[in-house]
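These are my notebook entries on one structure. I set down what I looked up, topic by topic.

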Amino acid sequence: MKYISYCRISRLKQRNGEKVHAMDDHSLYVQKEDAVRYAETHGGVIVAEYQEVETGKMDKRPVLVQALDHCKADNAVLLVARLIDLAAMNTSCR
């Protein structure tokens with residue numbers, strides 16, 4: 001089975017005058033490791049990884065659209081660590 005992973009964290013926020021990533025217990029690294037573990041456990045391989053730094057409130061996620069298009073082109077399954085990363089999407093699955 002071919003998998004494509006999609007990882008997202010919230011965009012940079014201002015905190016005490018510094019730009020920092022929003023605190024998130026599911027960092028990009030943790031999400032990537034979860035995807036790798038899932039693929040290996042299910043006898044599959046991750047053929048591509050997509051990462052996005054964007055707030056969950058945005059309904060336009062160009063990297064997610066690219067990942068979905070890649071899944072369709074390669075007949076692969078999209079892996080996401082959290083379903084909430086897909087919740088606000090306002091895009092059609094072509």
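**Entry 1. Burial and fold.** I began with burial: 35% of the 94 residues of the protein count as buried. The model is a predicted one, and I read every value below as computed from it. I then listed the secondary structure and found three helices and five strands. Followed along the sequence, these elements give the pattern β-β-β-α-β-α-β-α.

**Entry 2. Helix 1.** I checked the length of helix 1 against expectation. Next I asked which residues of helix 1 are buried. They are Leu 28, Gln 31, Ala 35 and Ala 39. Looking down the axis of helix 1, I find these buried residues within an arc of 70°, so they line one face of the helix. On the face turned away from that buried side I noted the exposed residues Tyr 29, Glu 40 and Thr 41. After helix 1 comes Gly 43, with a positive phi near 70°.

**Entry 3. Salt bridges.** I searched for charged pairs, since side chains of opposite charge can pair when their charged atoms come close. The structure holds two salt bridges.

- I recorded Lys 32 with Glu 49, where the closest N and O atoms are 3.8 Å apart. This pair links distant parts of the chain, as Lys 32 belongs to helix 1 and Glu 49 to strand 4, 17 residues apart. Lys 32 is partly exposed at 30% relative accessibility, and Glu 49 is partly exposed at 40%.
- I also recorded Asp 34 with Arg 37, where the closest N and O atoms are 3.0 Å apart. Asp 34 and Arg 37 are three residues apart in helix 1, so about one helical turn separates them. Asp 34 has a relative accessible area of 26% and is partly exposed; Arg 37, at 47%, is partly exposed.

Entry 4. I turned to Glu 52, which lies in strand 4 (residues 45-53).

**Entry 5. Arg 8.** I looked up Arg 8 and placed it in strand 1. Its relative accessible area is 4%, so Arg 8 counts as buried. I then took the C-alpha to C-alpha distance from Arg 8 to Glu 54: 6.9 Å in space, for residues 46 apart in sequence.

**Entry 6. Aromatic pairs.** For aromatic rings I noted two quantities, because a pair is described by the distance of the centres and the angle of the planes. My search of the whole structure returned one aromatic pair. Tyr 3 and Tyr 38 form this pair, edge-to-face, with 5.8 Å from centre to centre and 85° between the planes. Tyr 3 lies in strand 1 (residues 2-9) and Tyr 38 in helix 1 (residues 28-41), so the pair ties together parts that are 35 residues apart in sequence. Are the two partners buried or exposed? Tyr 3 is buried at 7% relative accessibility, whereas Tyr 38 is partly exposed at 39%.

Entry 7. I repeated the length check on helix 2. Its 13 residues should span 18 Å at 1.5 Å a residue, and the end C-alpha atoms are 18 Å apart, so here too the values agree. I listed the buried residues of helix 2 as Val 63, Leu 64, Val 65, Ala 67, Leu 68 and Cys 71. Just after helix 2, I came to Asn 75, with a positive phi of about 55°. I noted that this is a positive value in a residue other than glycine. Asn 75 sits in the loop between helix 2 (62-74) and strand 5 (77-80). With 67% relative accessibility, Asn 75 counts as exposed.

Note on methods:
Residues are numbered from 1 along each chain as its sequence is written. This is a predicted model: local features need pLDDT of at least 70, side-chain atom pairs count only at pLDDT 80 or more; totals for chains, interfaces and linings use all residues. Side-chain values use heavy atoms; hydrogens and water are left out. Rings of Phe, Tyr and Trp (its six-membered ring) pair if their centres lie within 6.5 Å; planes under 30 degrees apart count as stacked, over 60 as edge-to-face and the rest as tilted. Helices (H or I, at least four residues) and strands (E, at least two) are DSSP runs, numbered from the N terminus. Buried means under 20% relative accessible area, exposed over 50%, partly exposed in between (1.4 Å probe, protein chains only). The arc is that of the directions from the helix axis to the C-beta atoms. A salt bridge is a side-chain nitrogen of Lys or Arg within 4 Å of a carboxyl oxygen of Asp or Glu. The expected span of a helix is 1.5 Å times one less than its number of residues.
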